[in-house]
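I opened this notebook to keep track of what I looked up, one topic at a time. The sequence and the structure come first, and my entries come after them.

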Amino acid sequence: LVYHTLCCSQEFKMKLAILSALIASAAAFAPASQKATSTKLNAFEGELGAQEPLGFYDPLGLLNDADQERFDRLRYVELKHGRIAQLAFLGQIVTRAGIHLPGNIDFSGDSFDSYPDGAAALFGPDAIPQEGFGQIVLFIGLLELFVMKDVTGEAEFPGDFRNGALDFGWDTFSEKTKLRKRAIELNNGRAAMMGILGLMMHEQIEGNPVIGLFLEYN
């Protein structure tokens, strides 16, 4: 009975997380209130990310009467979520292709490939121990607070976390090349956010459609 209750609880949490993500995504297509376009709003229409075919797209009116600081904050959040989604999507396709870290994940001798792929590794009866999940959350929190940020105050743009240490030749690029590479990252992040959400949804559908068509999945 306890095992059944635990499984149902984990499944409910997973479905609740996906439902929340769906609501947030659907809200992006909700009609915005009809307000007069301000001079500040027009200033953002030429910002990086306002690209064809949609151009400047702000259906929720998040930038109505916003200043540059507000825009930079929203762009920083978008970039961060896009980067996380890219890592998550890459992790999905790599592990589903049968590629896992070697060795054991704990002192009990459980190997990395002994756990399921995708969200099932975190939620459900076959998930990693809750202590391990807590360590992941703690590690991400430490990165968020102390590492993945503009520590030195020398960032050229929102999301620039080089902090005077990492460069990879960025300063050798022309301004045109820099804008192009930033646009590529932004678009890849947007695509990855939709991609990982789609994979999470399909995991919860019986029979695991789409994913199961290309890779063997148990």
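The entries below go from the whole chain to its helices, a cavity, the salt bridges and one serine.

**Entry 1: ground rules.** I noted first that this is a predicted model, in which local features need pLDDT of at least 70 and side-chain atom pairs count only at pLDDT 80 or more, while totals for chains, interfaces and linings use all residues. Residues are numbered from 1 along each chain as its sequence is written, and side-chain values use heavy atoms, with hydrogens and water left out.

**Entry 2: the whole chain.** I looked up the elements and found six helices and zero strands in the protein chain, where helices (H or I, at least four residues) and strands (E, at least two) are DSSP runs numbered from the N terminus. I then looked up burial, taking buried as under 20% relative accessible area, exposed as over 50% and partly exposed as in between (1.4 Å probe, protein chains only). Buried residues make up 22% of the 218 residues in the protein chain.

**Entry 3: helices α3 and α5.** I compared the span of each helix with the expected one, which is 1.5 Å times one less than its number of residues. Helix α5 covers residues 175-203, and its 29 residues should span 42 Å, which agrees with the 42 Å between its end C-alpha atoms. Helix α3 has 29 residues and reaches 42 Å from its first C-alpha to its last, close to the 42 Å expected. The buried residues of α5 include Lys178, Ala183, Leu186 and Gly189, and those of α3 include Phe71, Arg75, Tyr76 and Leu79. I also noted that α3 is followed by glycine 98, whose phi is positive, near 90°.

**Entry 4: the cavity.** I searched for cavities, each being a set of points on a 1 Å grid over the protein atoms alone where a 1.4 Å probe fits but cannot get out, with lining residues having an atom within 4 Å of a point. Grid points are joined across faces, edges and corners, and a volume is the space filled by probe spheres set on the points. The structure holds one cavity of 30 Å³ or more, and the largest cavity has a volume of about 40 Å³. Which residues line the largest cavity? I found Leu48, Arg75, Leu79, Phe157, Arg182, Glu185 and Leu186 there. Helix α5 gives the most to this lining, with three residues, and α3 and α5 each supply at least two.

Entry 5: I counted salt bridges (a side-chain nitrogen of Lys or Arg within 4 Å of a carboxyl oxygen of Asp or Glu), and the structure holds 10 of them. In one of these, the side chains of glutamate 185 and arginine 83 meet at 2.5 Å, N to O. This pair links distant parts of the chain, with glutamate 185 in helix α5 and arginine 83 in helix α3, 102 residues apart. Glutamate 185 counts as partly exposed at 25% relative accessibility, and arginine 83 counts as partly exposed at 24%.

Entry 6: I next followed lysine 178, which forms a salt bridge with glutamate 156, the closest N and O atoms being 3.6 Å apart. Because lysine 178 lies in helix α5 and glutamate 156 in the loop between α4 and α5, the pair ties together parts that are 22 residues apart in sequence. Is lysine 178 buried or exposed? At 8% relative accessibility, lysine 178 counts as buried, whereas glutamate 156 is partly exposed, with a relative accessible area of 44%.

Arginine 162 lies in the loop between α4 and α5, and its side chain meets that of aspartate 160 in a salt bridge of 3.0 Å, N to O. Arginine 162 and aspartate 160 are both buried. Salt bridges that share partners join Glu156, Asp160, Arg162, Asp171, Glu175 and Lys178 into one network.

**Entry 7: serine 114.** I ended with serine 114, which is in the loop between α3 and α4 (130-147) and is partly exposed, with a relative accessible area of 46%. Its C-alpha atom is separated by 9.6 Å from that of histidine 100, 14 residues apart along the chain.

How values were computed:
On a 1 Å grid over the protein atoms alone, a cavity is a set of points where a 1.4 Å probe fits but cannot get out, and a pocket is an open set with protein on both sides within 12 Å along at least five of seven lines; lining residues have an atom within 4 Å of a point.
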